[in-house]
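Have the model open as you read, and follow along pair by pair.

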Amino acid sequence: MASAKASRTILAACGVIALAASMPDIAEAQYYKGKTITMIVNYPAGGPTDLEGRVVAQYLPAHIPGNPTVIVKDVGGAGGIVGSNELGDATPNGETIGFFTVDVVSELLNNPALRVPYSDFVFVAGVECPLVVYIRKDTPPGIQVASDLMKTNGFKALSLNAENSNTLNIDLAFDLIRVKFEPIPAYRGLREVETAILQNIGQAANTSLSGWAGSVEPTMGKEGVILPLWQLSPRKGDAYPRTKALPNMQTFEEFYASVHPDKPLSGQMEYRALRAISDPQLAMFRSAMMPPKTMPEAVAVMRRAFVEMWKDPQFLAAYSNLIKTEPVMVSADEGQHVLAGLASIPSDIKNFVVKYIADMTAK
């Protein structure tokens with residue numbers, strides 16, 4: 001009799017333990033039921049970040065228990081800072097997430113306009129991505145192949161604000177190549193940059209993979225208006241190989257070696273600064289984030305939803321159609337590690353970038 005009673009006691013205890021273990025899953029499953037999630041995109045509507053964000057917003061609800069509604073809210077301005085600040089100010093209850101192009105430079109230089117450092121946000125998932133630098137073919141004396149860039153005697157490079165990664169990536173590269181150009185860091189979004197290039201207000205610019213594959217190349221490229229110069233590719237170990245998406249487009253390192261074979265990039269301050277800025281950006285070019293101190297159950301649900309969405313063939317097909325290659329996902333741990341690494345950038349590089357920006361805005 002005692003043995004039977006003990007067995008019933010053990011079974012009851014096991015049942016309590018099993019129920020307790022399942023309660024977080026039950027709570028998570030019900031967390032988003034009947035709710036609406038606002039996805040803040042920190043660039044204007046119609047631009048590359050917005051287009052990719054809308055694909056995510058379309059497919060994400062099906063992978064969140066409770067099937068909540070996800071609405072996109074474009075909050076452009078200040079090179080992504082306005083939208084980032086709005087997410088930082090949001091209630092950390094899981095009902096607001098961000099789909100961002102991270103402004104690495106503002107974090108790097110402790111820009112006071114960025115009220116919440118990106119490293120304080122909760123990283124959910126990201127997408128790795130290269131940049132493409134392109135130029136109008138009618139830039140004097142004419143650009144038929146990329147190396148003709150070295151024959152030019154001045155052109156305008158259009159970009160976002162002076163403290164934005166978009167601006168510094170292209171301007172530092174042109175300075176390393178040693179070509180004459182005028183930086184115009186004056187645009188709110190890349191859609192406006194594309195329009196200005198089409199109107200020949202400026203001649204050179206850069207864009208993300210989705211911007212290149214989904215907008216620039218199908219219009220200006222197909223019409224013969226522009227020519228790609230190089231891709232700035234993500235780091236792989238100690239090298240910068242061509243990306244799977246752009247196997248036939250040379251990297252910046254390849255272009256540089258072809259025009260300056262006797263002067264290595266390694267050790268040049270401009271190159272150290274270029275890669276200090278671009279490596280973390282390209283490693284997680286699009287980043288899904290949640291406000292600091294977001295409720296753990298909401299974070300767990302969202303991270304799991306992104307992992308599951310990346311297995312969804314319909315989502316992958318839609319995203320791949322936009323960027324013309326299968327997206328490379330960045331995990332939560334990888335992204336959080338990259339953000340934390342921004343604090344380890346050497347002070348001499350930071351000082352150089354501060355002076356570089358000051359000199360650019362003084363021109």
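A residue counts as buried under 20% relative accessible area, as exposed over 50%, and as partly exposed in between. By that scale Arg235, at 43% relative accessibility, is partly exposed. Please keep in mind that this is a predicted model. Across the whole structure, a search finds 20 salt bridges, and a few of them are picked out below.

**The pair Lys35 and Glu95**
- Lys35 and Glu95 join their side chains in a salt bridge, with 3.8 Å from N to O.
- Lys35 belongs to the loop between helix H1 (2–31) and strand S1 (36–41), and Glu95 to the loop between helix H3 (81–89) and strand S3 (96–100), so this pair ties together parts that are 60 residues apart in sequence.
- Lys35 has a relative accessible area of 24% and is partly exposed; Glu95 is also partly exposed, at 27%.

**The pair Asp89 and Arg115**
- In the salt bridge between Asp89 and Arg115, the closest N and O atoms are 2.4 Å apart.
- Distant parts of the chain are linked here: Asp89 sits in helix H3, while Arg115 is in the loop between helix H4 (104–108) and strand S4 (122–128), 26 residues apart.
- With a relative accessible area of 52%, Arg115 is exposed.

- Arg235 and Asp238 form a salt bridge whose closest N and O atoms are 3.4 Å apart.

How values were computed
Residues numbered from 1 in each chain as written. Predicted model: local features only at pLDDT ≥ 70, side-chain atom pairs only at ≥ 80, totals over all residues. Heavy atoms only, no water. Salt bridge = Lys/Arg side-chain N within 4 Å of Asp/Glu carboxyl O. Helix = DSSP H or I, 4+ residues; strand = E, 2+ residues; numbered from the N terminus. Buried < 20%, exposed > 50% of the residue type's maximum accessible area, 1.4 Å probe, protein only.
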